[in-house]
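Here are my notes on the model you sent.

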Amino acid sequence: MPEAASAPAVRAVIGDSEFDRDTAVTRREAGVYDIDLSAGWTIISAVNGGYLLAVLGRALADTLPHPDPFTISAHYLTASQPGPAVIRTQPVRTGRTLSTGQASLYQYDDEGNEVERIRVLASYGDLAGLPDDVRTTATPPPIPPLDQCFGPQDGAPDARLPAGGVPVDGSSAIAGRLMLKLDPSTLGWALGAPSGKGEMRAWFGLADGRDPDPLSLLLAVDALPPTAFEIGLKGWVPTVELTVHVRHRPAPGPLRVAITTRNLAGGFLEEDAEVWDTEDRLVAQSRQLARVRLG
């Protein structure tokens, strides 16, 4: 599979990259963790939901006896802001092959009161211990080679994609931390001619060249521009609920992410995502419910 056209000369490694530093949590006591949410993973002024899921996923990996998220479901209660946060985790059940836990992330309002931002329930296991038997009808998404796709850094020369990658007011700091190259057939929204199909496909990686792992898959499912843009809508599309299934530890190299929306009704839409690695394995799936602003 092709490498990123703008890959860094020195690639970061898992455990020593910007993503690892910015998702690192500090254990205050059993089940209580502190973190300073980085402004580098924001869209406008809100912290990206996939980054938040990776933060809580890291805290749960420290709490539970198994290393890898198998399924993790998050309800986003209020928008998270960059700055200090507290995570509280609790084991729910521990078994031989799976352990289940819950976690919540809190920040403080202007009066110093705790505000719960996100609540998660997750089951963890060991991806390395799964059998190799795969029986599937799923196929990798049809994305052109990486050098034929476009990202935020390609916007200025040819007007393919707006700076920051999203047609909303304000900055998108997260764009500078990702290697994101979108399939041109899903870029109609950036040219003022959305397809109406509700599809988004892209090559995905981290800007510093760090290879993917199970925690970064939690970011990958929520890092592309919203499918709402290809339906012809603009503006912020906040996540209400997001569930991710991690199916395999990904191979090194860029991921392919495909997201589809089939139904927008009552101001809400679903986004179904698939993530494929360089060995043509389906390594993660997700579904989220998101709110859109109509009219």
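Predicted model: local features only at pLDDT ≥ 70, side-chain atom pairs only at ≥ 80, totals over all residues.

1. Salt bridges in general. The whole structure holds 18 salt bridges. One of them joins R21 to D16, with 3.6 Å between the closest N and O atoms. R21 is exposed at 53% relative accessibility, while D16 is partly exposed at 47%. R135 and D133 form another, with the closest N and O atoms 2.8 Å apart. Here R135 is exposed, at 74% relative accessibility, and D133 is exposed as well, with a relative accessible area of 52%. A further salt bridge, between the side chains of R201 and E199, has an N to O distance of 3.1 Å. R201 counts as buried, at 14% relative accessibility, whereas E199 is partly exposed at 26%.

2. A buried arginine. R117, in strand 8 (residues 114-125), is buried but has no salt bridge. The nearest side chain of opposite charge is that of D110, 8.2 Å away, and a salt bridge would require the nitrogen and carboxyl oxygen to lie within 4 Å. What the side chain of R117 does have is a polar atom 3.3 Å from the backbone oxygen of A79. Beyond its neighbours within four places in sequence, R117 is in contact with H75, Y76, L77, T78, A79, S80, Q81, L105 and Q107.

3. T23. This residue belongs to helix 1 (residues 18-23). Its relative accessible area is 0%, so T23 is buried. The T23 side chain reaches the backbone oxygen of F19 at 2.8 Å. With neighbours within four places in sequence left aside, T23 is in contact with I35, Y51, A54, V55 and R58.

4. Nonpolar cores. The largest nonpolar core has 60 residues, and those touching the most other members are L53, V55, I87, L105, V120, F204 and L219. Helix 2 (residues 49-63) gives the most to this core, namely eight residues. A second, separate core has six residues, among them L233, L269, A290 and V292. As for L219, residues up to four places away in sequence aside, it touches F19, W41, N48, G50, Y51, I174, L178, F204 and L206.

5. Strand 12. Is strand 12 (residues 255-260) largely enclosed or largely open? Five of its six residues are buried, so strand 12 is largely enclosed by the rest of the structure. Strand 12 pairs with strand 10 (residues 199-206) in the antiparallel sense, over six bridges; within that pairing, F204 has L255 as its bridge partner. Strand 12 also runs antiparallel to strand 14 (residues 268-276), to which five bridges join it. There, the bridge partner of R256 is W276.

6. S195. This serine sits in the loop between strand 9 (178-182) and strand 10. With a relative accessible area of 36%, S195 is partly exposed. Its side chain makes a polar contact of 2.7 Å with the side chain of E230, and a polar atom of the S195 side chain lies 3.1 Å from the backbone nitrogen of K197. S195 and V292 are 97 residues apart in sequence and, C-alpha to C-alpha, 18 Å apart in space.

Methods
Residues numbered from 1 in each chain as written. Heavy atoms only, no water. Buried < 20%, exposed > 50% of the residue type's maximum accessible area, 1.4 Å probe, protein only. Helix = DSSP H or I, 4+ residues; strand = E, 2+ residues; numbered from the N terminus. Pairing = 2+ DSSP bridges. Lys, Arg positive; Asp, Glu negative; His and termini not counted. Polar contact = N/O pair within 3.5 Å; in protein donor to acceptor, adjacent residues only side chain to side chain. Contact = heavy atoms within 4.5 Å. Core = buried A, V, L, I, M, F, W, Y, C linked by side-chain atoms within 4.5 Å.
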